[in-house]
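Trainee: I have a new model open. Where do I start reading?
Mentor: Start with the fold, then the backbone, then the pocket.

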Amino acid sequence: MSMLLYRIIKLFNTYKIYGFNATSRRIFNFFKNKIPILDARRRLSFKYLTHGTGIEVGGLHNPLSVRDNVKVSYVDYETKERNQSRFLELAGKRIVHTDIVDNGLVLSKVPDGSIDFLVANHVLEHSPNIHQTMLIWASKLKENGTLFITVPVADQCFDRGRPITDLEH
């Protein structure tokens, strides 16, 4: 588990290079339209996901780009066909084939210790229990596996300024 924590910290520190720390917020805001975040994710995936087999939770129409020698299976709670009929606004875009139909926050169909990496871009913030989800995801990894997780920056989301939802809702 300590190697996993090290890799998560290393990944977050790498994000700081691209302007996600508080001291470089102005630099990030200046360049945010010039250097797409997706390109930053791609560079990080090529750096940290160098080999092996893993899963991506919720890739839908925007899966993470990975090296050719990396094998990714896609997890979603719906099949590709069901997603195509649900998300009509994505007509004409490539939707990934769902390899594993499962709840991506629970992963009951993925054996513990069976994957080299897990990718979850803009998924963790939908979890009702972030700590439990992280523990579940970590349990699916082989020793020295990698969690590749991104979450949105709150002050740059479409709903910024919205009142915070209290726990009693």
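**Reading the model**

Mentor: This is a predicted model. S4, helix H5 (residues 130–139) and S5 form a β-α-β unit, and the unit is right-handed.

Trainee: In which sense do strand S4 and S5 pair, and over how many bridges?

Mentor: Strand S4 covers residues 115–121, and its pairing with S5 is parallel, over six bridges.

Trainee: Why is strand S5 called largely enclosed?

Mentor: Check burial, where the cut-off is under 20% relative accessible area. Strand S5 spans residues 141–150, and seven of its 10 residues are buried, so the rest of the structure largely encloses it.

Trainee: Now the backbone. What is the phi of Asn 144?

Mentor: The general idea: most residues other than glycine have a negative phi. Asn 144 is not a glycine, yet its phi is positive, about 65°. Asn 144 sits in strand S5. Its relative accessible area is 41%, so Asn 144 counts as partly exposed.

Trainee: And Leu 107: buried or exposed?

Mentor: Leu 107 is buried, at a relative accessible area of 0%. It too has a positive phi, about 55°. Its place is the loop between strand S3 (100–101) and S4.

Trainee: Last, the largest pocket. Which residues lie nearest its centre?

Mentor: Gly 58, Leu 60, Asp 76, His 122 and Val 123, out of 24 lining residues. Strand S1 (53–57), strand S2 (71–76) and helix H4 (80–86) each give two or more residues to that lining. By type, the lining has eight nonpolar, 10 polar and six charged residues. The space in this pocket is about 610 Å³.

Methods. Residues numbered from 1 in each chain as written. Predicted model: local features only at pLDDT ≥ 70, side-chain atom pairs only at ≥ 80, totals over all residues. Heavy atoms only, no water. 1 Å grid on protein atoms, 1.4 Å probe; cavity = no way out; pocket = protein on both sides within 12 Å on 5 of 7 lines; lining within 4 Å. Points joined across faces, edges and corners; volume = space filled by probe spheres on them. Helix = DSSP H or I, 4+ residues; strand = E, 2+ residues; numbered from the N terminus. Nonpolar A, V, L, I, M, F, W, Y, C, P; charged D, E, K, R; others polar. Buried < 20%, exposed > 50% of the residue type's maximum accessible area, 1.4 Å probe, protein only. Pairing = 2+ DSSP bridges. Right-handed = clockwise from strand over helix to strand, strands pointing away.
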